[in-house]
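Please look over the sequence and the model below. The report that follows describes selected local features in turn.

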Amino acid sequence: IMVNSNPETVTTDYDTSDYLFFEPLSTEDVLEINAIMQPKGVIVQFGGQTPLNISMALEKFGVPIIGTSPTNINKANDREQFKRVLELLNFKQPANGIARSVEEAVHDAERLGYPVIVRPSFVLGGRAMEIVQNAKDLRHYVQMAVNAFPGSPILIDKYLENAVEVDVDAVCDAHDTVIGGILEHIEEAGVHSGDAACVIPSYSLSDRIKTRMREITHGLARALDVRGLMNVQFAIRNEEVYLIEVNPRASRTVPFVSKATGLPLAKIAALVQAGRTLKDLGVVERGDPAAFAVKESVLPFNKFPGVDVILGPEMRSTGEVMGIAPTFGEAFFKAQLGAGNALKLQGKVFISVRDNDKRLMIPLAHMISDMGYEILTTRGTGIIFERNGVQARVLNKVKDGGDTVLTHLKSIAFVINTPQKRGGGSDESRIRSACAVSNTPYFTTLSSAAALISALKQQKRDDYQVRPLQEILPDRGVWRPAKAASA
């Protein structure tokens, strides 16, 4: 029996369920369906955050929820309770504070130091989450969070700048835990996993870091008595592993991980919630896949001229694509093609980065120049390039008019522009918005720019290939559950 208020998401899989109810996912409507259908078990892990938010109420009225208990779901979703769990387990988290009002949030932020991340409890798609740089912005976003869930605790996290974010998807049966995949984000930490480009297997993390993340994931699964799926989010900074949050449900990355590894995590989790164990099902942890798989997001900014395209903790993507190849560079290139970013192997490139990124941009700019691209830039970045032997043509600022990047967009292969500030109105936001509208590929972090250069160098060495999955992932196999032992 499936309950889904959006028929478009299920019309392509009409044979998934025996019964399909197009009803709102509210306590009231689910209780009515439960009263009529009287199911033996109800699963809340596959519908995102909304079913989790009503699970406590459903259980109170006698709905037989199977899998992770609503009490433990609440323990992970409530920022205050979750903080206490981590303190008991002695797992490292970013310096933080708990607030229930704007004034408490401002006090915590001043203690922690800006920038900070606002993380409300029980939110869908990162709603009202934001990286904030000052008290004025903090007041605005905390008020949004308070309005979204009045009375719920809001976590004020110290933002870990220049950190790498990692998602870990696992399935647990309350005793054993099998990690389906470790996904390294290509953008720096702070971008919602639904928007971030991700790669499996990791392309830069050490074995020590991955081992520590596995240990933490196993520890959390035991502490929260997880039965079914669990998504854990980490930030890696200066070789330290910080735990950001845990979701005891299917994450948006589960279909991607399943396709990349051949392990159908949703099917396994459903069987576990119905009472099977991982051992009985013959599910064991697999090594890294033989090829790289890159997930890239499809974003709707070309439909919204003037909107700043900078990504953050609140999700904005409307779809996802995937590229698979033996090398990271080729997989990233294919993912960009799938997302509509047709990368040209020659032509002009516009580069303008914030002051903190200028030093690290120098070697990347040399690589771009060495590949034969003509570099266009603004005065500030151009001065640094000139001092370091990078040939570049300096253009006017957009606000000054004349010879600006906007007059060259049709002939530009791609744009690298890291944000000094967010929001519409600034030169840089106008450039980024114009790129989205004109379908000019743009990259807003140095980590994604480095991935881009890796992809371009790979393509210049050898054009991308289309291969059967069985050829590129020969050990992927097809998983089938072991038969249940007879009673």
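## Helix 11 and L337

L337 lies in helix 11 (residues 328-338), where helices are DSSP runs of H or I with at least four residues and strands are runs of E with at least two, numbered from the N terminus. The model is predicted, with local features requiring pLDDT of at least 70 and side-chain atom pairs pLDDT 80 or more, while totals for chains, interfaces and linings use all residues. Residues are numbered from 1 along each chain as its sequence is written, and side-chain values use heavy atoms, leaving out hydrogens and water.

L337 counts as partly exposed because its relative accessibility is 33%, given that buried means under 20% relative accessible area, exposed over 50%, and partly exposed in between (1.4 Å probe, protein chains only). Helix 11 itself is mostly covered, with nine of its 11 residues buried, among them F328, F332 and F333.

## Packing around helix 11

The buried residues of helix 11 pack against strand 8 (177-188), strand 9 (198-200), strand 12 (292-298), strand 13 (319-325), strand 18 (442-443) and helix 15 (446-461), a contact being heavy atoms within 4.5 Å. Just after helix 11, G340 adopts a positive phi of about 90 degrees.

## The loop residue Q93

Q93 sits in the loop between helix 4 (79-89) and strand 3 (96-99), and is classed as buried because its relative accessible area is 18%. Leaving aside residues up to four places away in sequence, Q93 touches K83, L86, E87, Y242 and L243.
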